[in-house]
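Here's a quick briefing on ring pairs and strand layout. Have a look at the model first, then we'll go through it.

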Amino acid sequence: MTNDKVLIIFGFDAREQEMIKKILTQNQLPECLILKKSMAKMKIGQIVSGLKYKANDDKLPDGKVVLFYGFSDIELNKTFKEIKEAFIKMPICAVVTDISVNWTLEHLINHLIEEKKWHEKHTK
């Protein structure tokens with residue numbers, strides 16, 4: 001199964017996952033992929049292509065991450081705005097790029113967390 005368009009989420013509890021699924025349904029977008037810590041060594045491209053994973057015990061940092069894959073600009077802006085409105089503390093949001101699609105989940109999440117820390121430090 002290949003996903004041409006999918007919202008990929010990580011670190012959300014069941015209630016928060018349902019909130020995101022509701023946003024997607026209301027905007028007639030495909031259901032999201034929910035990532036697990038055991039997928040740490042998989043590349044994002046493998047995940048969106050539907051590759052089955054072998055569980056491992058790698059650790060991923062805590063945090064809530066939303067990855068947009070294949071969204072049009074209009075879909076991205078609308079969905080991002082609704083996610084921002086739905087959560088008190090904004091999750092890390094990013095678009096999967098031609099480069100990050102080849103990164104492991106572990107590498108991408110660590111990179112996004114570091115980027116967020118840098119941004120928070122330099123925009124005060």
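Does F71 count as buried or exposed, going by its relative accessibility? F71 counts as buried, at 13% relative accessibility, because the cut-off for buried is under 20%. Keep in mind that this is a predicted model.

**Aromatic pairs**
- The count of aromatic pairs comes to two.
- One of them joins F12 and F87: the ring centres sit 5.5 Å apart with the planes at 55°, so this pair is tilted.
- F12 is in the loop between strand 1 (6-10) and helix 1 (14-26), while F87 is in the loop between helix 3 (73-86) and strand 4 (92-95), so the pair ties together parts that are 75 residues apart in sequence.
- Both F12 and F87 are buried.
- F68 and F71 also pair up, with ring centres 5.3 Å apart and planes at 85°, so that pair is edge-to-face.
- F68 is buried too, with a relative accessible area of 2%.

**Strands 3 and 4**
- Strand 3 (residues 65-69) pairs with strand 4 in the parallel sense, over four bridges.
- Opposite L67 you'll find A94 of strand 4.
- Getting from strand 3 to strand 4, the chain goes through helix 3, and this β-α-β crossover is right-handed.

**Faces of strand 4**
- In a regular strand, side chains alternate between the two faces of the sheet.

Note on methods
Residues are numbered from 1 along each chain as its sequence is written. This is a predicted model: local features need pLDDT of at least 70, side-chain atom pairs count only at pLDDT 80 or more; totals for chains, interfaces and linings use all residues. Side-chain values use heavy atoms; hydrogens and water are left out. Rings of Phe, Tyr and Trp (its six-membered ring) pair if their centres lie within 6.5 Å; planes under 30 degrees apart count as stacked, over 60 as edge-to-face and the rest as tilted. Helices (H or I, at least four residues) and strands (E, at least two) are DSSP runs, numbered from the N terminus. Buried means under 20% relative accessible area, exposed over 50%, partly exposed in between (1.4 Å probe, protein chains only). Two strands pair if DSSP finds at least two bridges between them. A crossover is right-handed if, with the strands pointing away from the viewer, the path from the first strand over the helix to the second runs clockwise.
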